[in-house]
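Here is a short report on one protein model. Have the sequence and the 3D view ready as you read.

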Amino acid sequence: MKITCLSALLATSTALFTACNSDSTATKQKAAAQTASAAQRVYVAPGKLDDYYAFLSGGQSGGVFVYGIPSCRFIKEIAVFEPRAGLGYANNPGSESYLRLKESGPMWGDTHHPVLSQTNGRYDGRWLWINDKANGRVARISLRTFETAVIRKVPNIQGAHGLDAWLPSCKYVYVNGELEHDFVQNGTDPQQYRSVIAFLDSESLETKFEVMIVGNADIASSGKDGRYVFSTMYNTENAVTSEGMIERDKDAVAAIDVPLAEKAVAEGKFTRINGVPVVKPDEVPGVLTLIPVPKNPHGCNVTPDGNYVMASGKLSPTVTIIDAHSLKVVAEPEVGLGPLHTTFDNRGNAYTSLFIDSQIVKWNIQKAIKGDPTYIVDRVDVHYNVGHTKAAGSDTSYPSGDWLISLNKLSKGMYLPVGPAMPESQELIDISGEKMRVIAAFPSLSEPHDAVFLSRQVLADKVVQTYEITPTATKLGEEKLVRNGTQVDVYMTCIRSKFVPEQFEVHSGDRVTIHLTNVETVRDMTHGFALAEHGINIAVDPGQTQVVPFTAGAPGTYWYYCTWFCSALHLEMRGRMLVKPIGATVSDSIAPPTLEKTQGGPKQDKVSYE
Ligand code: RUQ
Ligand code: CUA
Ligand code: CA
């Protein structure tokens, strides 16, 4: 309509102009009413809570973004595979988060697929798993604290891509190796290239076993009855060039019979490679079934009832519907150009993202299976080039059917121009009615791939107010300095608005370890500890103890101060590390200097207000 109006105006035809103008009054009124009702749908008054958490993967930002839905308000970034100095995460060599990340691989990651834990087909609010495609890792985030709890490197995998939990038990999370290589001989001959689908203990993330495949595994979705897990494969050619990867007319959906793989492992029918039992399908018939689908499929999504797997065509304008029990293809409805991912409501509809068409298409699953030509229900334009799409609860057995998020790769002119690079964009779509309705758009840092919604009710009594005090925590009144040659341990507490101690003495070159416990007992009273000239900045949440080692620099006075604005005396919340020359006498006392002593030095002259 806008375009028509515009061209009419440009044509400067009076007749057209009048027609357009009278038409536009009604149009404007309608648009205003629509805007108002859309605004109402996402309006969450200040202080009121959203209905859902949306966990968006962070892509090359290496973390997870938490948004409130429907308001689309950004709430938190969970740092996972990349240091975040502002959050005191993995930025101080020697701290717990630093060591955990460092031990697992590089200090950055590429997160694609957030997966929530389930019990009895519903989200249970325990954990969120996320993959690092770049460095072959998987992490588990605790939803009690919204912090990374475990990061593990997966052996034999390059390009840890598709991720899902084996349902219904969530005994394993499994991750797909997208990039084939020779992990047996470490050679370069493409003939020897293989990939694996790895099954990790869902809590410890230790790799329990792997199933070897020829070609690659891309996107993952688990069946719901404790038998098969599914993965799309776009490179069954096992090719090493993009032309080679699109040579065949058909690629596949891989179905792995998990109990059969477990049995093979128990019976010793595996080869141990880099410490992991690897099951080879030619030695264990039935463990891997390849279901042919049109070339280079992408998304893989099991329906909430567990009856079908949908493989989105990508290069084919179709979605292949596979019976998740018999593994037979039952239908291949055409949906539009560039189908990537499919998600579900609670009324038997599927929603497929169309990358090339820049649309979400809603279609009825049973109608498509029965060959009823009216299976397409609705289409809506998104802005622009959607990758993943996810409806609330779509991965569970009980989707909610109210909201859907469209994760768009390009935002173009959607937001104020901020240079050649623009933010990623998400759109929130109301799917509660027959017709879809785009309600809001919101930007984010680069680059969310996928998202999951979690109803706030699920976490209502699960998110902790404070960390549990650990046995190694420093208690109020028990602060101390322990010197052992050149190793100095300072056991410190903090509470509004004071560090104890407010001073300690070390020698230049000493290995100093600060053990800082935040003894606050209420939520949200985080304190920071930044140490001048030593590159140290940690954040300590209520109840938490952070340990940070460093080497004391040249002799002098170095202030440490709180980096989180915590109280009216936040700026005064600081203390001194007194570094003495090697060989000088140092005191182990952490008692504050006497008043007499502090007042002994020069003072500012009386302040005049003239
Ligand atoms: S991929 S746009 Cu990593 Cu999830 Cu499909
Ligand atoms: Cu503690 Cu600011
Ligand atoms: Ca192919």
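## A serine in a loop

Where does serine 95 lie? Serine 95 sits in the loop that runs between strand 3 and helix 3. Keep in mind that this is a predicted model.

Is serine 95 buried or exposed? Its relative accessible area is 2%, and the cut-off for buried is under 20%, so serine 95 counts as buried. Leaving out residues up to four places away in sequence, serine 95 touches Ala90, Val547 and Pro549.

## The largest pocket

Strand 3 and helix 3 come up again here. Both give two or more residues to the lining of the largest pocket, as do strand 1 (52–57), strand 7 (147–153) and strand 38. Strand 3 covers residues 73–78, and helix 3 covers 96–104. Which element supplies the largest share of this lining? Strand 3 does, with 5 residues.

The pocket has a volume of about 1,800 Å³. By class, the pocket lining has 23 nonpolar, 13 polar and 14 charged residues.

## The cavity

How many cavities of 30 Å³ or more does the structure hold? It holds 1. The largest cavity has a volume of about 300 Å³.

The lining of the largest cavity has 28 residues. Asp164, Ala220, Asn301, Lys390 and Asp395 lie nearest its centre. Several strands give two or more residues to this lining, including strand 4 (115–119), strand 12 (220–222) and strand 26 (386–391). Strand 8 (160–165) is also one of them, and strand 8 gives the most, with 4 residues. The cavity lining divides into 12 nonpolar, 11 polar and 5 charged residues.

## Around ligand 1

Which residues surround ligand 1? They are His112, His113, His161, Ile219, His298, His341, Gly387, His388 and His449. In this shell, 8 residues are polar, 1 is nonpolar and none is charged.

## The nonpolar cores

The largest nonpolar core has 28 residues. Which of them touch the most other members? Met492, Phe499, Phe504, Ile514, Leu516 and Phe529 do. Among the elements that give two or more residues to this core are strand 32 (487–495), strand 34 (503–507), strand 35 (511–518) and strand 36 (527–531). Strand 32 gives the most, with 4 residues.

Take a closer look at phenylalanine 499. Not counting residues up to four places away in sequence, phenylalanine 499 touches residues including Met492, Leu516, Phe529, Tyr560 and Met573.

Now turn to phenylalanine 65. It lies in strand 2, which covers residues 64–69. Why does phenylalanine 65 count as buried? Its relative accessible area is 2%, and buried means under 20%.

What does phenylalanine 65 touch? Beyond residues up to four places away in sequence, its contacts include Phe55, Leu56, Phe74, Lys76, Leu445 and Pro448.

How far apart are phenylalanine 65 and phenylalanine 499? They are 434 residues apart in sequence. In space, the distance is 32 Å, C-alpha to C-alpha.

Definitions and conventions:
Residues numbered from 1 in each chain as written. Chains lettered and ligands numbered in written order. Predicted model: local features only at pLDDT ≥ 70, side-chain atom pairs only at ≥ 80, totals over all residues. Heavy atoms only, no water. Core = buried A, V, L, I, M, F, W, Y, C linked by side-chain atoms within 4.5 Å. Buried < 20%, exposed > 50% of the residue type's maximum accessible area, 1.4 Å probe, protein only. Contact = heavy atoms within 4.5 Å. 1 Å grid on protein atoms, 1.4 Å probe; cavity = no way out; pocket = protein on both sides within 12 Å on 5 of 7 lines; lining within 4 Å. Points joined across faces, edges and corners; volume = space filled by probe spheres on them. Nonpolar A, V, L, I, M, F, W, Y, C, P; charged D, E, K, R; others polar. Near = heavy atom within 4 Å.
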